[in-house]
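This report covers the salt bridges of one protein model. Sequence and structure are shown below.

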Amino acid sequence: MAKLPSCIKRRSTNTYILSALLGALVTVAVVAGIAVSLAPAHISFTVANGRIISRPEENKPNEAPTKYYNITMVANNKSRRTKVQYSSLSIQIWFNPTGWVPGEANLTAGELAEWQRPGKATSFPILTKFFDYNNEVATISESGDEQLDDTEKGRISWPKCLVLVEAKVWFRFRLVATRQYTVRASCYPVDFERGVTSPINCTS
């Protein structure tokens, strides 16, 4: 049987090596593309409305109306390609360095339960009961107190409140979704007594 010339053997070996290298490069490019596509989108939060309102309690027409914090959080999906879905969105309204009240958005209503498109903003109205800033019922536990550092605590003085936001979200690019992420932000100053007259940007 005739043997292949050595130059042909070398050319075949080089072809195999080049093919393997090209295949590896293509794989790396595909993986990198998927990683970039599924990287968490940048979400920013804004306080669009914040004030105190009074409402009568249901089935208690003769009692004094109950006061509530009425706040609207706006979540902006600044990604160009990635959609966002919110599993939960909760807040803490800190009215002094040692006291806060909780609130949570109802995510089962309308568009709040849908995927947020890239470049879109979604409003989350939240209503939570108001406590006077010196009310012992609203005093937090030690575990809650650890969520603020000394600098943040030093800024809080009624009626200038600090609002902490925590959202649990999924990101999706085309048909592929990521694991759940937790996004947090801090919003200050939020003046519920005078009312929020212009949007307040939150920092992550």
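Is Asp191 buried or exposed? Asp191 is buried, at 13% relative accessibility (buried means under 20% relative accessible area, exposed over 50%, partly exposed in between, with a 1.4 Å probe and protein chains only).

## Basis

The model is predicted: local features need pLDDT of at least 70, side-chain atom pairs count only at pLDDT 80 or more, and totals for chains, interfaces and linings use all residues. Residues are numbered from 1 along each chain as its sequence is written, and side-chain values use heavy atoms, with hydrogens and water left out.

## Salt bridges

Side chains of opposite charge can pair when their charged atoms come close. A salt bridge is taken as a side-chain nitrogen of Lys or Arg within 4 Å of a carboxyl oxygen of Asp or Glu. The count by this rule is 3 salt bridges.

One of them joins Asp191 to Arg194, with the closest N and O atoms 2.8 Å apart. Arg194 is exposed, at 63% relative accessibility, whereas Asp191 is buried.

## The network at Glu166

Salt bridges link Glu166, Lys168 and Arg184 in a network. Glu166 pairs with Lys168 at 3.8 Å, N to O, and with Arg184 at 2.9 Å between the closest N and O atoms. The Glu166–Arg184 pair connects distant parts of the chain, 18 residues apart: Glu166 lies in strand β6 (residues 160–173) and Arg184 in strand β8 (residues 181–191). Strands are DSSP runs (E, at least two residues), numbered from the N terminus.

Glu166 is partly exposed at 24% relative accessibility, and Lys168 is partly exposed at 27%. Arg184 is exposed, with a relative accessible area of 53%.

Notes. Helix = DSSP H or I, 4+ residues; strand = E, 2+ residues; numbered from the N terminus.
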